[in-house]
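I will take the contacts pair by pair and write down what I looked up.

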Amino acid sequence: MNVKILYFASLRDAVGRAEESFVLPSGVATIGDLRAFLADRGDKWDALAEGRNVRAARNQRMAGPTDPVGPGDEIAFFPPVTGG
Amino acid sequence: MNVKILYFASLRDAVGRAEESFVLPSGVATIGDLRAFLADRGDKWDALAEGRNVRAARNQRMAGPTDPVGPGDEIAFFPPVTGG
Amino acid sequence: MSVSVQQADFDVGAEIAALSQGRYEVGAVASFVGLVRDVSGGAEVAAMTLEHYPGMTERSLEDIVGEARRRWQLDGVRVIHRYGRLEPGDRIVFVGVAGAHRGEAFAACEFVMDYLKTRAPFWKLEETPGGAHWVDARDSDDSAAARWDTESESRPGD
Amino acid sequence: MSVSVQQADFDVGAEIAALSQGRYEVGAVASFVGLVRDVSGGAEVAAMTLEHYPGMTERSLEDIVGEARRRWQLDGVRVIHRYGRLEPGDRIVFVGVAGAHRGEAFAACEFVMDYLKTRAPFWKLEETPGGAHWVDARDSDDSAAARWDTESESRPGD
């Protein structure tokens with residue numbers, strides 16, 4: 001039940017890492033679950049807490065909090081995009 | 001009381017001339033008057049008759065039937081434009 | 001010089017670059033190129049000749065650019081319109097608009113094209129297998145121009 | 001190849017020309033160039049670095065192009081977005097859309113830019129006299145993108 005998690009831009013700066021391999025704990029079934037679990041690490045991981053303006057992607061497509069997370073997924077968290 | 005009258009595109013083809021110098025008869029005070037006067041020449045000048053889709057310009061700016069015509073003016077008649 | 005009426009072709013890349021050259025407040029350049037198509041109302045078009053009204057043409061385009069500058073905050077506007085004989089694939093018209101943000105640039109560029117289509121004195125004579133004939137004005141061009149009379153001038157993205 | 005994500009600059013004139021090259025059904029090419037400005041929220045900008053999410057970036061741009069092609073009848077769409085360090089005046093993004101008529105080309109070009117601004121994973125880090133900082137997303141970009149959810153898909157001039 002491994003997933004790859006990526007962090008970008010200001011969120012990567014905040015949590016201090018660009019990437020991690022993560023073993024999904026039981027009970028973590030959605031993007032929202034995963035985000036809450038990571039935010040519970042506390043301290044700098046507060047950047048992922050509810051109310052913070054964080055977006056997510058699952059397997060390189062934008063995803064919402066109720067989208068499922070499964071083994072082998074690539075999940076990314078990042079601030080709202082500012083390209084163009 | 002001379003005006004210069006120009007004809008363009010399909011309207012020029014219809015009336016058979018590109019340009020004429022015209023002495024304004026008394027009673028011809030507006031673009032609409034002038035157009036009606038020219039249409040009254042009959043035959044090919046029917047192309048200027050009421051109901052025909054003709055536009056006009058006075059001194060190189062779009063003009064309506066109630067706009068005045070005065071000595072020295074350059075008046076143009078033409079079909080709706082199709083550039084771009 | 002924001003308006004040119006000419007027989008010669010033009011360099012689209014150079015025109016777009018010139019709109020922001022040395023102007024670091026420009027964040028957006030919207031542009032449009034109109035081309036001769038090889039079909040028109042179902043008929044094959046071998047070529048067309050664009051007639052215009054010298055003097056009024058330049059004046060009407062300058063009026064349209066002036067109106068765009070009144071409606072939006074713009075850093076630059078460029079209009080080039082060709083006349084004479086053109087073949088399918090040839091460029092007819094270029095409109096480029098530079099501004100700080102894209103909403104203004106897009107709106108002003110489309111506005112200039114819509115107004116040009118109904119107010120600039122150009123006429124197209126098309127050569128088709130059935131002979132040469134003058135192109136009829138399209139009702140959709142009138143409605144495209146008319147919406148600028150009523151539509152709010154500010155748009156999202158400004 | 002309709003989408004490119006690259007560090008290198010691009011040739012705007014060549015990209016626009018390629019959209020109609022040999023395609024005589026194309027009557028309209030609408031395009032957009034986004035540039036680095038030297039001001040942002042009142043602060044002077046010396047340079048910026050564009051970060052992106054390799055893989056997802058290309059995919060999201062291709063999805064946006066696909067959606068534009070579903071909504072409008074288009075002959076060609078081209079998107080180029082740069083990443084890395086850029087200075088004021090540098091080109092960031094190009095969007096070009098070719099179609100038979102201008103209404104479709106303009107609408108699709110603006111649609112692609114609006115969606116790109118809110119859906120393509122790019123982030124700007126600006127260098128200002130006060131230090132480097134990440135640019136905040138703008139609410140106006142969200143509203144610009146949102147209007148395409150409700151707006152009628154056909155527009156005058158088509």
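Which side chain of chain B meets Glu51(C) in a salt bridge? I looked this up in what is a predicted model, and I found that the partner is Arg12(B), with N and O 2.5 Å apart.

**Entry 1: chain C against chain B.** I counted 2 salt bridges between chain C and chain B, alongside 14 residue pairs in polar contact in which both residues have pLDDT 80 or more. On the chain C side, the elements that each give two or more residues are strand E5 (47-52), helix H2 (56-71), strand E8 (91-99), helix H3 (102-119) and strand E9 (122-128), and I noted that H3(C) has the largest share, with 5 residues. Sorted by class, this side of chain C holds 15 nonpolar, 4 polar and 7 charged residues. I then listed the extent of the contact: 26 residues of chain C touch 20 residues of chain B, and the area buried between these two chains is about 1900 Å², with 55% of it from carbon and sulfur atoms.

**Entry 2: chain D against chain C.** Next I turned to chains C and D, which have the most contacts among the 3 pairs of chains that touch. Here 40 residues from chain D meet 40 residues from chain C, and the two chains bury about 3400 Å² between them, 55% of it on carbon and sulfur atoms. Of the area that chain D buries against chain C, Tyr24(D), Arg102(D) and Phe106(D) supply 21%, more than any other three residues.

I found 4 salt bridges across this interface, one of which joins Asp141(D) to Arg102(C), with the closest N and O atoms 3.0 Å apart. Helix H1 (12-20), strand E2 (28-35), helix H3 (102-119) and helix H4 (139-150) of chain D each supply at least two residues to the side that touches chain C, and E2(D) gives the most, with 8 residues. I sorted this side of chain D into 18 nonpolar, 10 polar and 12 charged residues.

Entry 3: How do strand E2 of chain C and E2(D) pair, in the parallel or the antiparallel sense? I read the pairing as antiparallel, over 7 bridges, and I noted Val33(C) standing opposite Val29(D).

**Entry 4: pairs without contact.** Chain A and chain B do not touch, their nearest C-alpha atoms being 29 Å apart. Chain A and chain C do not touch either, and for them I noted 10 Å between the nearest C-alpha atoms.

Technical notes
Residues numbered from 1 in each chain as written. Chains lettered and ligands numbered in written order. Predicted model: local features only at pLDDT ≥ 70, side-chain atom pairs only at ≥ 80, totals over all residues. Heavy atoms only, no water. Contact = heavy atoms within 4.5 Å. Buried area = accessible area lost by both parts, 1.4 Å probe. Helix = DSSP H or I, 4+ residues; strand = E, 2+ residues; numbered from the N terminus. Nonpolar A, V, L, I, M, F, W, Y, C, P; charged D, E, K, R; others polar. Pairing = 2+ DSSP bridges. Polar contact = N/O pair within 3.5 Å; in protein donor to acceptor, adjacent residues only side chain to side chain.
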